[in-house]
Amino acid sequence: LTLQEALKLQRELREQFGRDDFQDRLDELERTLPKGSARFVRERNALFLEAQIPVLEKHGFEGSQRGVMHMLKAGARWNGDPDYQRNRDRLNDLLGLGWETS
């Protein structure tokens, strides 16, 4: 995965995660289930994967949790790149993951 491919993949994920219907469903999960509960994590991960599958498959990754792990591993080589880091932070903000790392 080149840096340009990784940045494109991140942009496409940001488009998926930024969609109103996705954000509405994520908000509903956060309103109705305790954060960190097993059910919340399970349902949130399923929602994430639903949005990730088309992007994963477009970029040659399996449309599954395993594919997500392979994508993350392939992109990890760019963790030191400022653009990649900035995009990763934006994705985490869209997903409401900032609270887990603070």
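## Aromatic pairs

Rings of Phe, Tyr and Trp (its six-membered ring) form a pair if their centres lie within 6.5 Å, and planes under 30 degrees apart count as stacked, over 60 as edge-to-face and the rest as tilted. The structure holds 3 aromatic pairs. In one of them, the rings of Phe-17 and Phe-22 have centres 5.1 Å apart and planes at 45 degrees, so this pair is tilted. The rings of Phe-17 and Phe-48, with centres 6.1 Å apart and planes at 55 degrees, also make a tilted pair, and this pair links distant parts of the chain, since Phe-17 lies in helix 1 and Phe-48 in helix 3, 31 residues apart.

Phe-17, Phe-22 and Phe-48 form one aromatic cluster. Phe-17 and Phe-22 are buried, and Phe-48 is buried as well, where buried means under 20% relative accessible area, exposed over 50%, and partly exposed in between (1.4 Å probe, protein chains only).

## About the model

This is a predicted model, in which local features need pLDDT of at least 70 and side-chain atom pairs count only at pLDDT 80 or more, while totals for chains, interfaces and linings use all residues. Residues are numbered from 1 along each chain as its sequence is written, and side-chain values use heavy atoms, with hydrogens and water left out.

## Helix 1 and helix 2

Helices (H or I, at least four residues) are DSSP runs, numbered from the N terminus. The axes of helix 1 and helix 2 (residues 20-32) come within 5 Å and cross at roughly 60 degrees; these axes are lines fitted to C-alpha atoms over the stretch in contact, and angles run from 0 to 180 degrees between N-to-C directions.

Gln-16, Phe-17 and Gly-18 in helix 1 meet Asp-20, Phe-22 and Gln-23 in helix 2, where contact means heavy atoms within 4.5 Å. By class, this contact has 2 nonpolar, 3 polar and 1 charged residues; Ala, Val, Leu, Ile, Met, Phe, Trp, Tyr, Cys and Pro count as nonpolar, Asp, Glu, Lys and Arg as charged, and the others, Gly among them, as polar.

## A buried serine in a loop

Ser-64 has its place in the loop between helix 3 and helix 4, and with 15% relative accessibility Ser-64 counts as buried. Leaving aside its neighbours within four places in sequence, Ser-64 is in contact with Leu-49 and Leu-56.

How values were computed
Helix = DSSP H or I, 4+ residues; strand = E, 2+ residues; numbered from the N terminus.
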